[in-house]
Amino acid sequence: MSQQERGEAAVRQLLDAGAPASVPPDLHADAVRRGTRSLRRRTAVRRLLWVLLLAAAVAFAVWASTAQPWVEPPSRTTPPLTRW
């Protein structure tokens, strides 16, 4: 008998027992509380990541405006001086 067949047999035995399993009365409230907490945590993390992304974009814009990496730096040597 394979593992899957044994699992199916165990499930059938539980279902054939007749009486449904008892569920704790506070299970729904507990699940709602945990779900709400998880949702709040996920929302806070998402907002934090957006704020970090915005801060990185602002920092890059400030750096680019001050450093101007698109401008060629001035030459450190002078061109040769030739007399006509």
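I started with arginine 34 and aspartate 30, which sit 4 residues apart in helix α2, so about one helical turn separates them. Helices here (H or I, at least four residues) are DSSP runs, as are strands (E, at least two), numbered from the N terminus. Arginine 34 makes a salt bridge with aspartate 30, and their closest N and O atoms are 3.9 Å apart. For a salt bridge, I need a side-chain nitrogen of Lys or Arg within 4 Å of a carboxyl oxygen of Asp or Glu. Asp30, Arg33 and Arg34 end up in one network, joined by salt bridges that share partners.

A note on what I'm looking at: this is a predicted model, where local features need pLDDT of at least 70 and side-chain atom pairs count only at pLDDT 80 or more, while totals for chains, interfaces and linings use all residues. Residues are numbered from 1 along each chain as its sequence is written, and side-chain values use heavy atoms, with hydrogens and water left out.

Next I checked the other bridge partner. Arginine 33 meets aspartate 30 in a salt bridge of 2.1 Å, N to O. Both lie in helix α2, 3 residues apart, about one turn of the helix. I count 2 salt bridges in the structure.

Arginine 34 is exposed at 54%, arginine 33 is partly exposed at 41%, and aspartate 30 is partly exposed at 23%.

Then I looked at the whole chain. I found 2 helices and 0 strands. The radius of gyration is 34 Å, well over the 12 Å that the globule rule gives for 84 residues, so the chain is more spread out than a compact globule. That radius is taken over C-alpha atoms, and the rule is 2.2 Å times the number of residues to the power 0.38. The C-alpha atoms fill a box of roughly 110 × 40 × 10 Å along the principal axes. Buried residues make up 1% of the 84.

Last, I stopped at glutamine 68, in the segment after α2. Most residues other than glycine have a negative phi. Glutamine 68 is not a glycine, yet its phi is positive, about 45°. I also noted that glutamine 68 is partly exposed, with a relative accessible area of 35%.

Conventions
Buried means under 20% relative accessible area, exposed over 50%, partly exposed in between (1.4 Å probe, protein chains only).
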